Amino acid sequence: MMDICVIGAGYVGLTTSAMLAELGHDVVCIDKDQTKIEQLNQGNVPIYEQGLERLLKNTRKKKRLKFSHQIEKEIGSHSIIFIAVGTPSLEDGRTDLRAIQSVTTSLAAAVTSYKIIIMKSTVPPGTNQWIGQQLIERGVSPDWFDIVSNPEFLKEGTAVKDSFHPNRIVIGTSSKRPVTTVKSIYQQLNAPVIVTSLAAAELIKYASNTFLAAKISFINELSRICDVFDADILEVEKGMALDPRIGPHFIRAGLGYGGSCFPKDLSALKYIAEKNNIYPAMINAVIDVNKTQIDTYVNKLTSVLTHLQGKRLAVWGITFKPNTDDTRSSQSIGLVDQLLKRGAELHVYDPMIDFQAEGVTNHSSPYDSVRDADCLIIATEWPAFATVNWQKIQKEMKGNLIMDCRNFLDLTKLQSHGFHYLGVGRP
Ligand code: UGA
């Protein structure tokens, strides 16, 4: 078992730290945010991720996981360093590498013996090589470190489970020296390992997220075509999914993709391509369909309600997907903005978060949120929405319209309660 230092106590850093500690390694997780570290040391987890709190508690109890804000001290005393800091998007689509630069400065100051530096953060191709050059320029001997690109493929909501059952482990490196050690860190996970160059590993991450987003935009565009022919997109999805070359995943039509990963990774890949004179036709199309998918639903709604001025609308689900408290780049919020612009009166309910925004009333009960509503809109498919008392909902509402932006509810059941069901690609 090894002594490991993880830099970054965000969603990836915390999940990775907890998983590594559970595998038996001794882990220190570092963050420069002292308040966050104090919170974690008191057993409070700053984010919601299913199973994470329990796992952190167990591993802390076994004394295999601790938290610290002393970055240089911990780098100095560990030979395996994971980097899991944030790499958000800048306005022009470029990746904001300030946190990576700051870690590089700490590494340059603290590396005085051999370290394996393992990059978990999603960084553009060339970044890991740049870190290596920086360290050498700042006086660190090339004999004292190897850099490994080891991207994560965790999904929010199932990150803990995903971290124990990865479908692949990618080890990108320019030297053979760190490979055996990195493989042994993950030995117990029994996952296929591929060893690649640094740049290939960096690109595998962007390529995977972009491809998944492309599947979503494809099926969303297809749902618009289904509408023209009164074809049910669910039947089309089913028929496609049975072809093993296509498969059933990520072809669920809906309001579009959101979250902290797909939008920023597509922008970054687009930026990288354009900077190198490659026209990113596919990536542009994927982004374009995703942006206009919200308009598709708004137009659908206005086609039934004629106008939205003064209409009372209930929106269920604000997080970017179910089972998370994350609202970053949520399509639901994009939809709420569009509806507000058209003069609608908005009442929202989300099982996990309170949503505060001008012109929006937040409710803590789904039944309160639909009172006198002209329409109920399902923007995120939280499982609890499927089991509400529809009779009660119907009594509370003024109208009988339900717009299901995630093709999630049972159409026949709703119709039996007298609702008019509206979706895209649903006849
Ligand atoms: C995504 C990837 O799935 C992970 O493999 C990756 O590690 C992660 O990004 C990351 O880069 O860190 P995540 O953002 O947690 O994970 O969420 P997903 O489950 O992939 O969903 C993304 C969005 O696509 C959600 O808004 C979801 O509602 C939407 N989606 C997903 C669809 O609209 N249709 C689908 O069929 C599937």
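Start with the ligand in this predicted model: one of its oxygen atoms sits 2.8 Å from an N or O atom in the side chain of Lys321.

| Residue | Part of residue | Distance to a ligand oxygen |
|---|---|---|
| Lys321 | side-chain N or O atom | 2.8 Å |
| Asn209 | side-chain N or O atom | 2.8 Å |
| Phe320 | polar backbone atom | 3.0 Å |

The protein covers 95% of the 720 Å² of accessible area that the ligand has on its own (Shrake-Rupley method, 1.4 Å probe). Around the ligand there are 20 residues, each with a heavy atom within 4 Å of it; Leu154, Glu156 and Lys205 are among the closest. By class, that shell holds nine nonpolar, three polar and eight charged residues, with Gly counted as polar. Helix 9 (198-228) and helix 11 (262-275) each give two or more residues to the shell, and helix 9 gives the most, with three. Helices are DSSP runs (H or I, at least four residues), numbered from the N terminus.

Now for a helix pair. The axes of helix 5 (residues 98-110) and helix 6 (residues 127-137) come within 10 Å and cross at roughly 35 degrees; axes are lines fitted to C-alpha atoms over the stretch in contact, with angles from 0 to 180 degrees between N-to-C directions. Helix 5 contributes Ile100, Gln101, Thr104, Leu107 and Ala108 to the contact (heavy atoms within 4.5 Å).

Residues are numbered from 1 along each chain as its sequence is written. Since the model is predicted, local features need pLDDT of at least 70 and side-chain atom pairs pLDDT 80 or more, while totals for chains, interfaces and linings use all residues, and side-chain values use heavy atoms, leaving out hydrogens and water.

Methods
Polar contact = N/O pair within 3.5 Å; in protein donor to acceptor, adjacent residues only side chain to side chain.
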